[in-house]
Amino acid sequence: MKIIGNGSILTLDDNNRFITNGAILIDNEIIKEIGETDELRQKYPEAEFLNVEHRLIMPGFLNTHMHLYSTFARGMGLTGAPPKNFKEILEKLWWKMDRNLTTEEELYYSALVPLIEGIKVGTTGILDHHASFGLVDGSLDILEKAATEAGVRSALCYETSDRCGKELRDASINENVRSVSYTHLTLPT
């Protein structure tokens, strides 16, 4: 058991309780109790204590719309006239970039950087919509490896599109099917 305490707890429960000298008791990765630091320490003297030194303790955030690979678009210069609409943004920036992700290392670091940034602001889970038409097969495994190593829960899917041709469209469908079957989810028939 572990007590994380001496912090301000924002519970986000039905009553939006705020506990100024709060602590949480964790047993086998499950939050068992929330209360005052001194009370929980007295009640569970054998528990390991982690002093957060008056920092904020709150539930983790879920990012329900993420494109991990978009990290590589930061600072990316566009040539020619600026895009006038969403389709031009896709053509001049996003689609150009995702076709050029071609190595496992590029995919791994394109995921790891935003995962770490997310952790810094309290994100504990993501839903990622991925595209790397330069490397489709196994790409979701690479993203899963980065998320697992970072300690972020993830639900991953691959963009299904025929914008790069039918062969890559079919490869992206197969990547989703392979990934879903690997995670032991049931596909509708």
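Student: Before we start, what are the ground rules here?
Tutor: It's a predicted model, where local features need pLDDT of at least 70 and side-chain atom pairs count only at pLDDT 80 or more, while totals for chains, interfaces and linings use all residues. Residues are numbered from 1 along each chain as its sequence is written, and side-chain values use heavy atoms, with hydrogens and water left out.

Student: OK, helix α3. What span should its 17 residues have, and how far apart are its end C-alpha atoms?
Tutor: Helix α3 covers residues 104-120 and should span 24 Å at 1.5 Å a residue; its end C-alpha atoms are 25 Å apart, which agrees. The expected span is 1.5 Å times one less than the number of residues. Helices here are DSSP runs (H or I, at least four residues) and strands are E runs of at least two, numbered from the N terminus.

Student: Which residues of α3 are buried?
Tutor: Leu107, Tyr108, Ser110, Ala111, Leu112, Pro114, Leu115 and Gly118. Buried means under 20% relative accessible area, exposed over 50%, and partly exposed in between, with a 1.4 Å probe and protein chains only.

Student: And what covers them?
Tutor: The cover includes β6 (61-66), β7 (123-130) and α4 (139-150). Just after α3, Gly122 has a positive phi of about 100°.

Student: Switching to cysteines. How many disulfides are there?
Tutor: Zero, taking a disulfide as a pair of cysteine sulfur atoms within 2.5 Å. For Cys157, the nearest cysteine sulfur is that of Cys164, 16 Å away.

Student: Is Cys157 buried, partly exposed or exposed?
Tutor: Cys157 counts as partly exposed because its relative accessibility is 27%. Cys164 is partly exposed too, at 24%.

Student: Now the largest pocket. Which residues lie nearest its centre?
Tutor: Ile57, Met58, Pro59, Gly60 and Thr124, out of 21 lining residues. Among the elements that each supply at least two residues of the lining are β1 (2-10), β2 (18-27), α3 and β7.

Student: What's the lining like by class?
Tutor: There are 14 nonpolar, six polar and one charged residues. Ala, Val, Leu, Ile, Met, Phe, Trp, Tyr, Cys and Pro count as nonpolar, Asp, Glu, Lys and Arg as charged, and the others, Gly among them, as polar.

Student: Last one: where is Asn28 found?
Tutor: Asn28 is in the loop between β2 and β3, with a positive phi near 55°. Its relative accessibility is 67%, so Asn28 counts as exposed. Asn16, in the loop between β1 and β2, has a positive phi near 50°.

Methods:
Contact means heavy atoms within 4.5 Å. On a 1 Å grid over the protein atoms alone, a cavity is a set of points where a 1.4 Å probe fits but cannot get out, and a pocket is an open set with protein on both sides within 12 Å along at least five of seven lines; lining residues have an atom within 4 Å of a point.
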